[in-house]
Amino acid sequence: MYNMSMKSPNRHEPMPVKYWSRAGLMITDGCDAACASCYLRCTPGRGRWMTVETAVGIWIGLARLSPHGCRVHVTGGEPFLDWQRLIDILHAAAGEGLHAESVETNGGWAIDDAIIRDRLAALDAAGMEKLAISADPFHQAFIPIERVRRLAATTEEVLGPDRVRVRWRDWLDTGVDIQTLSPQERDTVFTEWIAAGRDRINGRAAEVLSHMLPLKSPETFAGQTCREALPRSRHVHIGPEGIVTPGVCAGLSIGRVVAPWEDSVRNLWNEFRENFADRPILGRLVEKGPTALLPLAQEQGLAVPQLEHGFASKCHLCWVMRNALAGTGKFADELAPMSVYTE
Ligand code: SF4
Ligand code: SF4
């Protein structure tokens, strides 16, 4: 059980590691899209899934980690690719008194009104609070925009406007159908969109979109630590293999949870709290930020051609350095899952 002695002896002194009070349960890394912005590099070729027992076990473990519980959203990949499993997970969680804050989808399954209404009724009965729909030019290169518009409109009608979130609503309202544009016109839309700064330049976004942004030297990011994004973040994602990622720092691993889940979640959080500063990658990121990975790469004798071109952001720099370090195979405990580093 949670031990009060874990708290700082001085109540005015903040704990160095926050409880995970918001989590994304990524029940699969399979997807019917392969968005240019996908920091997980999901693709139709993949498809690892959590079992119902694993998903609910991890969910219970998260809920019991702190006295304040944990708000969980169910995500992927695309969780609707295995509808039966998704609804089974939500029902099993509801049986434990747990309800999803939201379920995220790209809306590719919303091919007609009857399917949408059936599924919304089932999601509602299973206690889902909100449906979160992804919509931007990168998603719409794969998912027809009319499906997303239909899903958003029907969800508003059935569940009410407060129970649907479209990220990004302004994209749906533009009237652009990216699938009808020429490659040049599409690139123009992508460039304008990425310049708005809504996407993290990590994973596939780093590989295929970063050249559309102004690039800066690594020194630009000196001193930008990741303390807030790592130990002081309350937000984690947990993938189909049980790997716990801080926030949306895809490809970074705090560790892996295994059965028995409740003990494992608590033990992992405790370990992280005790030794994050000593970890070769995470410790450097927390203390100094991604520029601290440059000397580590040099020690490993790694050539990083991108250094000559520069970086779109601190996270882009982080991604490039981690990608190079992951290739050595020496940091597999912290640079995982490897699927994030390979197409
Ligand atoms: S961003 Fe979402 S919809 Fe796009 S490939 Fe990744 S998981 Fe799939
Ligand atoms: S620089 Fe790296 S660790 Fe820091 S917030 Fe960005 S992706 Fe996360």
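This is a predicted model: local features need pLDDT of at least 70, side-chain atom pairs count only at pLDDT 80 or more; totals for chains, interfaces and linings use all residues.
# Reading ligand shells, burial and contacts

Q: Which residues are around ligand 1, and where does ligand 1 sit?
A: A residue is near a molecule if one of its heavy atoms lies within 4 Å of it; around ligand 1 these are C31, A33, A34, C35, C38, C42, G77, N106 and H139. A pocket is an open set of points on a 1 Å grid over the protein atoms alone where a 1.4 Å probe fits, with protein on both sides within 12 Å along at least five of seven lines, and a molecule sits in it if more than half of its atoms lie within 2 Å of its grid points. Ligand 1 sits in the largest pocket.

Q: Which residues are around ligand 2, and which helix gives the largest share of its shell?
A: The residues around ligand 2 are R200, N202, C226, A229, C249, L252, L285, P290, K314, C315, C318 and R322, and they divide into 8 nonpolar, 1 polar and 3 charged. Helices are DSSP runs of H or I of at least four residues, strands are runs of E of at least two, and both are numbered from the N terminus. The largest share of this shell, 4 residues, comes from helix 13, which spans residues 314–326.

Q: Is E334 buried or exposed, and what does it touch?
A: Buried means under 20% relative accessible area, exposed over 50%, and partly exposed in between, with a 1.4 Å probe and protein chains only. E334, in the segment after helix 13, counts as buried because its relative accessibility is 5%. Contact means heavy atoms within 4.5 Å, and, leaving aside neighbours within four places in sequence, E334 is in contact with G251, L252, S253, R279, P280, I281 and L282. The C-alpha atoms of E334 and G255 are separated by 7.2 Å, although these residues are 79 residues apart along the chain.

Q: Which backbone atoms lie by a polar atom of the E334 side chain?
A: A polar contact is a pair of N or O atoms within 3.5 Å; within protein, one must be able to donate a hydrogen and the other to accept it, and residues adjacent in sequence count only if both atoms are side-chain atoms. From a polar atom of the side chain of E334, the backbone nitrogen of I281 lies 2.9 Å away and the backbone nitrogen of L282 lies 2.8 Å away.

Q: What does the side chain of T245 reach?
A: The side chain of T245 reaches the backbone oxygen of L252 at 3.2 Å. T245 is placed in strand 7, residues 243–246, and is buried because its relative accessible area is 10%. Not counting residues up to four places away in sequence, T245 touches H235, V236, H237, A250 and L252.

Q: Where are the cis peptide bonds from G76 and from A259?
A: The bond from G76 to G77 is cis, with omega near 20°, and G77 lies in the loop between strand 2 (71–75) and helix 2 (83–95). The bond from A259 to P260 is cis as well, with omega near 0°, and P260 lies in the loop between strand 8 (255–256) and helix 9 (261–275).

Q: What is the phi of R41?
A: R41 has a positive phi of about 55°, although it is not a glycine. R41 is found in the loop between strand 1 (22–26) and helix 1 (52–63), and it is buried because its relative accessible area is 6%.

Notes: Residues are numbered from 1 along each chain as its sequence is written. Chains are lettered from A and ligands numbered from 1 in the order in which they are written. Side-chain values use heavy atoms; hydrogens and water are left out. Ala, Val, Leu, Ile, Met, Phe, Trp, Tyr, Cys and Pro count as nonpolar, Asp, Glu, Lys and Arg as charged, and the others, Gly among them, as polar. On a 1 Å grid over the protein atoms alone, a cavity is a set of points where a 1.4 Å probe fits but cannot get out, and a pocket is an open set with protein on both sides within 12 Å along at least five of seven lines; lining residues have an atom within 4 Å of a point.
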